[in-house]
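Please keep the coordinates open beside them.

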Amino acid sequence: MLRACAREGHPTIMMRLLNILLLTFLFSYCSGQTTDKQNVMIMNNRYFTKEDFNANYGKEVISAIDVYQRMTKSGFKENALATFDFDFTSDTKEKLDSLAKFLTDNYDFKLKSPEKKEGHWIVEGDAIELPYTEDNLMFWALDLYCKGYEFDCRINGYGALTDPKNLTYLSLENQTADSFHNKGIDALNKRDFGAAIIYFTTALKLEPENKATLQARGYCKDEIRAWKAARKDYDKALEIDPNYVDALLITATNKDDAGEHKEALKDYDKVIQLEPTNDLAYFNRGNTKFSLNDKKGACEDWTKAKSLGSPYAQDRLAAECK
């Protein structure tokens, strides 16, 4: 079995609606789906600190690439189907129980009961079968790295269970780009960003110029902090359609996250030119102006966003525009 080493210290919703719901907030690290009570507990007593998460993110990328290269040396072929086992560690059984439930309910993974070993708790499981390339494995691993952080658990290792001498491949015969796109959207809605990226990538093999699929794949990459890779998908979508409003909005958010506020403003300006009643564009542009210390301009944009029906603008106005 080829296994990543332990780390240091151990049908679908409309894309338009998806953007309105998910593009409003800027994320400094992977967003979570734990409860408020869990968040308070985790932040006050973290096993996997934010500092450790940031410091080891790059190592996780290198580890995934190394695993894939060792797989290919053993005979694995690109886009062959593979399954992986994995394990997470944490300091309490309750944290691993919460993570295990999330992965079981949303990823269709099979997990065992957590056990205490060598002073920490560990949970082991098996993933579903998916087609892998080096990029696919990297994004899949990064998603698990981020999910572990959300639940204050740490991905400790993973290994390929597939026999390289008996490989099978995903059949694309009689399949459509839409079917894989829809599978990607379903995985995205469950926050299974690793599988979603793989499904969207498969859809793009069948329809390379699908701007909605490129945008959706970019969004998933953004959610696992692969911001540069996400930007490439957004840029490709905008090459196909320079006036694609949804891609302009999400690109601007990506630029804001990267501190490129002036460039983000240009994208929001273009959205507003194309859609003068887009409340999200005004709201987000207000956030960007505020980041650039243009409080007057920010308040004007939030006021306009509120008049257009933004559900978020009033909170910003109340906090910053008294």
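1. The structure holds 1 disulfide, a disulfide being a pair of cysteine sulfur atoms within 2.5 Å. This is a predicted model, in which local features need pLDDT of at least 70 and side-chain atom pairs count only at pLDDT 80 or more, while totals for chains, interfaces and linings use all residues. Residues are numbered from 1 along each chain as its sequence is written, and side-chain values use heavy atoms, with hydrogens and water left out.

2. The disulfide joins Cys299 to Cys321, with an S to S distance of 1.9 Å, and the link is left-handed, at -95 degrees about the S-S bond. Distant parts of the chain are linked by this pair, 22 residues apart, since Cys299 lies in helix α13 (residues 295–307) and Cys321 in the segment after α14 (313–320); helices here are DSSP runs of H or I with at least four residues, numbered from the N terminus.

3. Cys299 is buried at a relative accessible area of 14%, whereas Cys321 is partly exposed at 24%; buried means under 20% relative accessible area, exposed over 50%, and partly exposed in between, with a 1.4 Å probe and protein chains only. Cys153 is buried at 0%, and Cys220 also counts as buried at 0%.

4. Helix α12 (residues 279–291) has 13 residues and reaches 19 Å from its first C-alpha to its last, close to the 18 Å expected, where the expected span is 1.5 Å times one less than the number of residues. Because 11 of its 13 residues are buried, α12 is largely enclosed by the rest of the structure; among the buried residues are Tyr282, Phe283 and Arg285.

5. Just after α12, Asn293 takes a positive phi of about 65 degrees.

Conventions: Helix = DSSP H or I, 4+ residues; strand = E, 2+ residues; numbered from the N terminus.
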